[in-house]
Amino acid sequence: MNADMMVVLNIIITLIFIYYVVMHGIYFLLILIGAFGQKRYHQGIQFHEFKRISESSLTPPVSIVIAAYNEEKVIVNTVRNVLQLHYPQFEVIVVNDGSEDNTVQLLIDYFKMKPIDKVFKKHFETKPVRAVYQSANHPNLIVVDKENGHRADANNAGVDYARYPIIAQIDADCLLEQDALIYMIRPFIYNRKVIAATGIVRPANGVEIDNSCKIVKRDPPEKWLPLFQYVEYLRAFQWSRIGLSSINSMLSMSGAFTFIRKEVYFALGGANIDSVCDDFELTVSLHRYIHEHKKKGAIMEIAFVPDPGCYTQVPETLKAFWSQRNWWQRAILQSLWWNRDMAFNPRYGMAGMFAVPFFFIFEVISALVELLAYIIAIVVLVFRIDTPSLLMLQFIFGFLLGTLVSVCAVLLQATTRMRQEKTGTLIRLLLAGFLENFGYHQFHIYSRLTGIYDLLFKGKIAYGYRERTTYKTQDEKEGTASPPDDFPYGRDLV
Amino acid sequence: MNLFLLIAKALVILFGIVVALSVWVVLFNPRAMRREASAKRGRMALRESLLGYLRGEIHVSAFSTAARDKEPLLIGLVAQIAEELGESARRKLIYIFETSGTHHLVQKELTKISQSRSWQQRQRTATYLPYIAINSVIIPPLLRALEDKVLMVRFSAAHSLSKIKATEAIVPILEKLALPARWPIERTIEILNEMGSDAIDTMLQYLTFPGAKPDGKVYAISALGMQHTPKAIPLIITHLTSSNEEIRIHCARALGNIGSLEAALALCEAMHDSQWEVRAACARSLGLLKAKSALPFLVSGLGDPAWWVRYNSADSLAELGDEGLNALKEAFTHDDKFARDISRQVLQERNLMISGQGVTQ
């Protein structure tokens, strides 16, 4: 290889090195900001504040919208979990998005649903609604049975039927803490400027529920693949998001746990039905909405509640994991492309000047940069080019920095009230932080790269392969659960 | 290249620190858990002592050591127990802080509320003062705290003043926390409501005060409604025709909450208000009053252009018993499709009718 080529190679390796240092440096800073943000949050909670919220007749009522597509394994216990929430007034709207399994029939049978002719002002064009049901046992439970149109369409249909001013969107596989609504409504109550909020979402794979579907155990998952994701959720969905939220740059409210004022949802035109994943696009649209109304004098905010309120199932097989991460990558890429005018545009404040470029450069491009690094490594090895120390350094940096961020996320966790009681579990989490760079991380990068390819070259929108595991109550585990009379499905699907 | 090596060395050192930190956390985790358990036991023991004191089994002097060693713990526990056991426990627990061994704690907190540079500290003190000192000592600093530049401190001070039923704080609260653009109205109404019946006369006087802020009036009217105060009805009715839309809405809601038929006629008349929110609130309140005289007004509300007016009218008709239900059934022959649909929905929601099929949109 000639000298010019060597210079080019060295420049590329140097740029990749700088890229990694900057990326992990920012993540590290975000985690630290997040730690301070969480401390501030806990200091701001007043004595008996949550009790007052839970008992006040003036606490705003909430409409919980659950979009469900082929969720027969989880839907009954998810709804039971939501119905036992500790909150003065709420309704639950399950939108069956044209499921091909028994989702809707299970709901009808278990909760004694009866058809009802609901009258409402239609705000969104959605796929046709086939029927609406109301539970005879739980008057605050409604099931909207509609034709399939993806999650955004189902959420829009659900919001159309919502009666209350605050909408909570959760996924059909989510379990909520009993006080989750109280935690989440707090920013809306104490800050008029808050138009939307999200909170900490954690893997549900190690969660146990009692016979009333209340969460009683919150252990990390047993298996290694979900455990790696647990550490990733700690790092990216907990500390980093608190950090990003502190600087008004949180672009991704999890669709599994989003709260939004209904009037704002209407003003945005609802969730974008053409998007790969509606939650990322909804958050970016919210930032756009906030900044476009700022000039008119309206000050609005998105809040992040650093209390773990929601648990969602993470994939336990590589196939399901690949499908999910592929989908997320497509969602981010599509949304950032649609909103590219926000990048480096001071009109959009921190969202434009930091968040959109940050997500594009470090959440979309990083997979490609890492691919480039591996290609260079192969070229160097195959052609026996004399840059081994530089190359080795590059990989060591990648490994060290990634590990540093993950381990710090776990360590920070150990300083909070959400610490692990068992030392063995703490060791497993720390080990996961060290080991995720050997295999898990590379497979994640592969999933993201295929996501980019699938969107750019195939225009793929659909989620793809997904797995669900039934949440079992104590009685169901012991085989002593008794479903309601005339419930025809036995115990397996409850 | 040297720079690379330098950063590489720095990272390796940093990584070493993280590894060392990990090992340290793992090794000390059991110890930390033991200390946490021990702290919990200490807390439980102190709690038991406080409960023992309330039962008359332990003398107040026993807490002078706790006041030295576990000052924040003692204050926090006293507040918690007082909240659990009520007013008489609160008064008795305050006595702990009046004894010679613990009185300095009160002085310290009183200094903090006015002089601390940390707003969280001022807020915390404003929250806990009612549990550690008698009213005459804490009311003046709490009233001054209503002027604090940080809203959360003002809010905590207002809460504490309402807890001790300091009625002299009502007007300052109405003036200082009537900030609907910045501060949710519901929170202030809750504070006023917590004042209890002692606050009624002051709030009624405020409504007649010529310089009263419209926002303050809204809060007072709502709190009077939550207090179910019949003697407020005439005054609230006069405000039902106010030029301020917010006042009219809250008057309509308050009249429903008070629950006296005396307000029915005024609410029926207000069903013709130009603002749909007022009409919706009137329709809802007429249902709460079970005012049968309102039947024609509610039937007419079934055809209102606003969904909430239609829904509340139908729901209130269902509250009127057979006459209302018959009116809803008769509405099936109504010319207005919206009136027919909303009547059907309300009957179905109450399980008084089974849906045929399909969805009406």
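The accessible surface of chain A amounts to about 19,000 Å², and 59% of it belongs to carbon and sulfur atoms. This value, like those that follow, is computed from a predicted model. Chain A holds 15 helices and 12 strands. Its radius of gyration is 23 Å, close to the 23 Å that the globule rule gives for 494 residues, so chain A is as compact as a globular protein of that length. The C-alpha trace of chain A spans about 80 × 60 × 50 Å along its principal axes. Buried residues account for 63% of the 494 residues in chain A. Of the contacts in chain A with a separation of 6 or more, 81% are between residues 24 or more positions apart. On the side of charge, chain A carries 50 positive and 48 negative side chains, and the centres of the two sets lie 5 Å apart.

Chain B can be described in the same terms. Here there are 20 helices and zero strands. The radius of gyration of chain B is 29 Å, well over the 21 Å that the globule rule gives for 361 residues, so chain B is more spread out than a compact globule. Along its principal axes, the C-alpha trace of chain B covers about 80 × 65 × 45 Å. Of the 361 residues in chain B, 52% are buried. Among contacts in chain B between residues at least 6 apart in sequence, those that join residues at least 24 apart make up 64%. Chain B has an accessible surface of about 16,700 Å², with 56% belonging to carbon and sulfur atoms. The 42 positive and 36 negative charges of chain B have mean positions 11 Å apart.

R80(A) counts as buried because its relative accessibility is 17%, and the cut-off for buried is under 20%. A polar atom of the R80(A) side chain lies 2.6 Å from the backbone oxygen of N211(A). For a sense of distance across the chain, R80(A) and L244(A) are 164 residues apart in sequence, and their C-alpha atoms are 33 Å apart in space.

Most residues other than glycine have a negative phi. H48(A), which is not a glycine, has a positive phi near 65 degrees. This histidine is found in the loop between α1 (3–44) and α2 (49–55) of chain A. In chain B, H228(B) is likewise not a glycine and has a positive phi of about 50 degrees. H228(B) sits in the loop between α12 (214–226) and α13 (233–239) of chain B.

Another histidine of chain B, H250(B), is placed in a helix, α14, which runs over residues 245–258. With a relative accessibility of 8%, H250(B) counts as buried. A polar atom of its side chain lies 2.9 Å from the backbone oxygen of E246(B). An α-helix has 3.6 residues a turn, so residues three or four places apart point the same way. Leaving aside neighbours within four places in sequence, H250(B) is in contact with I185(B), V218(B), I221(B) and S222(B).

Not counting residues up to four places away in sequence, I164(B) touches R90(B), P130(B), N135(B), I138(B) and I139(B).

Technical notes: Residues are numbered from 1 along each chain as its sequence is written. Chains are lettered from A and ligands numbered from 1 in the order in which they are written. This is a predicted model: local features need pLDDT of at least 70, side-chain atom pairs count only at pLDDT 80 or more; totals for chains, interfaces and linings use all residues. Side-chain values use heavy atoms; hydrogens and water are left out. Helices (H or I, at least four residues) and strands (E, at least two) are DSSP runs, numbered from the N terminus. The radius of gyration is taken over C-alpha atoms; the globule rule is 2.2 Å times the number of residues to the power 0.38. Buried means under 20% relative accessible area, exposed over 50%, partly exposed in between (1.4 Å probe, protein chains only). Contact means heavy atoms within 4.5 Å. Accessible areas come from the Shrake-Rupley method with a 1.4 Å probe; for residues, only the protein chains shown count as cover. Lys and Arg count as positive and Asp and Glu as negative; His and the chain ends are not counted. The place of a charge is taken as NZ of Lys, CZ of Arg, CG of Asp or CD of Glu. A polar contact is a pair of N or O atoms within 3.5 Å; within protein, one must be able to donate a hydrogen and the other to accept it, and residues adjacent in sequence count only if both atoms are side-chain atoms.
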